[in-house]
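Student: I have a new structure to look at, and I would like to learn how to read it. Could you take me through it step by step?

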Amino acid sequence: VSACIAEIRDAITRTRMQRIDSLFAALPRMVRDLAGELGKQVRLEVDGGDVEMDREMIEMIRDPLTHIVRNAVDHGIEPPSDREGAGKPASG
């Protein structure tokens with residue numbers, strides 16, 4: 001009986017799993033639009049879209065991830081002229 005229950009639990013868990021590339025799908029456009037509004041040059045590199053996570057967990061981290069990326073562009077990347085003056089590439 002317990003082996004059967006474990007099998008059912010594992011099957012349910014597998015059906016709830018989803019690739020997280022859907023979580024990253026909106027980021028490139030958001031970063032491009034925000035960088036344009038702020039006059040910054042930003043290069044976004046996304047990796048790990050093939051990782052699977054529970055659907056509910058993906059939804060739970062969607063807003064915090066968006067907030068972190070927006071703050072990184074807004075507060076963590078200097079304007080191109082400041083970056084170049086500090087010896088950095090123009091895009092961050």
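Student: Among contacts in the chain between residues at least 6 apart in sequence, what percentage join residues at least 24 apart?

Tutor: Keep in mind that this is a predicted model. In the chain, 79% of the contacts between residues at least 6 apart join residues at least 24 apart.

Student: Which order do the elements of the chain follow from the N terminus on?

Tutor: They run α-β-α-α-β-α-α, which comes to five helices and two strands. The radius of gyration is 19 Å, well over the 12 Å that the globule rule gives for 92 residues, so the chain is more spread out than a compact globule. The C-alpha trace spans about 70 × 20 × 15 Å along its principal axes, and buried residues make up 21% of the 92 residues.

Student: How many salt bridges does the structure hold?

Tutor: A salt bridge needs a side-chain nitrogen of Lys or Arg within 4 Å of a carboxyl oxygen of Asp or Glu. The structure holds eight. One of them joins Arg62 and Glu59, with the closest N and O atoms 2.9 Å apart. Arg62 and Glu59 are three residues apart in helix α4, so about one helical turn separates them.

Definitions and conventions:
Residues are numbered from 1 along each chain as its sequence is written. This is a predicted model: local features need pLDDT of at least 70, side-chain atom pairs count only at pLDDT 80 or more; totals for chains, interfaces and linings use all residues. Side-chain values use heavy atoms; hydrogens and water are left out. Helices (H or I, at least four residues) and strands (E, at least two) are DSSP runs, numbered from the N terminus. The radius of gyration is taken over C-alpha atoms; the globule rule is 2.2 Å times the number of residues to the power 0.38. Buried means under 20% relative accessible area, exposed over 50%, partly exposed in between (1.4 Å probe, protein chains only). Contact means heavy atoms within 4.5 Å.
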